[in-house]
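The sequence and the model are shown first, and the description follows.

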Amino acid sequence: MSHLRKITILVLSLALLGCALLPAAAGAATGRTVAVTAKATVKLPNDTAKVGFGVKRERKTRAAALQATAAGLRKVIATVQAFPGVGEGDVRTGRIDVSPVQKGQVTVYRATEGIQVTLHEPSKSGELISAGLAAGATGVSGPSFSVGNEEEAFGKALAAAFAKAKERATILAGQAGANLGQALTIEEGEGAELIEPQFKAAETTGASAGGEAEPTPPTKPGTSTVKATVHVIFELT
């Protein structure tokens, strides 16, 4: 093979290689991205309420005080367990406390025990409180309202934040004379935040006398606020 022919083949090979590299080089030249950060706030109706009930009894002996408190608490548990919106596992007992109390020259024993009730029909919280007090509860706290499925709530906030990020990125892409491509990276920022309203009912000091009906306090579950932030990098085409 002549020297001239070798040079010609080499030149042709380099030309073909250059043509093969052109698409990749062009892709690299246009491989632009746009990075955006977006925050979203979503309000969701509260579908759960928690209410606490306590029973307190005073007797001459520890055993009598404990027995009286247990009997009173069983009545309260039976009442709230049968309440609409309270299911299996929605009643949890709390700490039991027995302590001596001086009444003048006499020492008596005070026993207390409480329960926490999860109610899945929060608009009926006032009725639940009334029923618990009528059953013999001597104290009540709550209700505190919340969204039962927090992960689902966070998911809705994240979806809203991503939609806002995509909307902003589309505007920026248009200003740059490009079209918005797929999301290349998505990062959750600062973690989702759930803000729940709090409400405390007044604590009572004694059970109703003579089976007197307890008034039903008005309660409104309201909404909880969920906040989320996302950082997204989109491809520009």
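Two residues are in contact when they have heavy atoms within 4.5 Å of each other. The model is predicted, so local features are described only at pLDDT of at least 70 and side-chain atom pairs only at pLDDT 80 or more, while totals for chains, interfaces and linings use all residues. Residues are numbered from 1 along each chain as its sequence is written, and side-chain values use heavy atoms, with hydrogens and water left out.

## Overall architecture

Helices (H or I, at least four residues) and strands (E, at least two) are DSSP runs, numbered from the N terminus. The protein chain comes to 4 helices and 7 strands, and from the N terminus on these elements run α-β-β-α-β-β-α-β-α-β-β. Among contacts with a separation of 6 or more, 84% join residues 24 or more positions apart.

A residue counts as buried under 20% relative accessible area, as exposed over 50%, and as partly exposed in between (1.4 Å probe, protein chains only).

## The nonpolar cores

A nonpolar core is a set of buried Ala, Val, Leu, Ile, Met, Phe, Trp, Tyr and Cys residues joined through side-chain atoms within 4.5 Å. The largest such core has 20 residues, and Phe53, Val76, Val80, Ile115, Val117 and Leu128 have the most contacts inside it. At least two residues of this core come from each of strand S2 (48-59), helix H2 (62-81), strand S4 (106-119), helix H3 (125-134) and strand S5 (139-146). The largest share, 4 residues, is that of S2. Apart from this core lies another, of 13 residues, which includes Ala38, Ala173, Val230 and Leu236.

Beyond its neighbours within four places in sequence, Ile115 is in contact with residues including Phe53, Leu73, Val76, Ile77, Val80 and Val91.

Helix H4 covers residues 150-175, 26 residues in total, and reaches 38 Å from its first C-alpha to its last, close to the 38 Å expected at 1.5 Å a residue. That expected span is 1.5 Å times one less than the number of residues in the helix. The buried residues of H4 include Ala153, Phe154, Ala157, Ala161 and Ala165. At the start of H4, a side-chain oxygen of Asn149 comes to within 3.4 Å of the backbone nitrogen of Glu151. Just after H4, Gly177 takes a positive phi of about 70°.

Rings of Phe, Tyr and Trp (its six-membered ring) pair if their centres lie within 6.5 Å; planes under 30 degrees apart count as stacked, over 60 as edge-to-face and the rest as tilted. A search of the whole structure finds 1 aromatic pair. Phe162 and Phe234 form this tilted pair, with 6.0 Å centre to centre and 45° between the planes. The pair links distant parts of the chain, since Phe162 is in helix H4 and Phe234 is in strand S7 (residues 223-236), 72 residues apart.

## Selected residues

The table gives the relative accessibility of several residues.

| Residue | Relative accessibility | Class |
|---|---|---|
| Phe162 | 27% | partly exposed |
| Phe234 | 2% | buried |
| Ser125 | 0% | buried |
| Thr229 | 7% | buried |
| Gln116 | 27% | partly exposed |

Ser125 has its place in helix H3. A polar atom of the Ser125 side chain lies 2.6 Å from the backbone oxygen of Pro122. Leaving aside neighbours within four places in sequence, Ser125 is in contact with Ala49, Leu119, Pro143, Phe145 and Thr219. Of these, Pro143 is found in strand S5 and is joined to Gly142 by a cis peptide bond, with omega about 5°.

Thr229 lies in strand S7. Apart from neighbours within four places in sequence, Thr229 is in contact with residues including Thr37, Ala38, Leu158 and Glu187.

Gln116 is in strand S4. Not counting residues up to four places away in sequence, Gln116 touches Lys50, Val51, Gly52, Asp90, Val91 and Arg92. The C-alpha atoms of Gln116 and Arg92 are separated by 5.2 Å, although the two residues are 24 residues apart along the chain.

Definitions and conventions: Polar contact = N/O pair within 3.5 Å; in protein donor to acceptor, adjacent residues only side chain to side chain.
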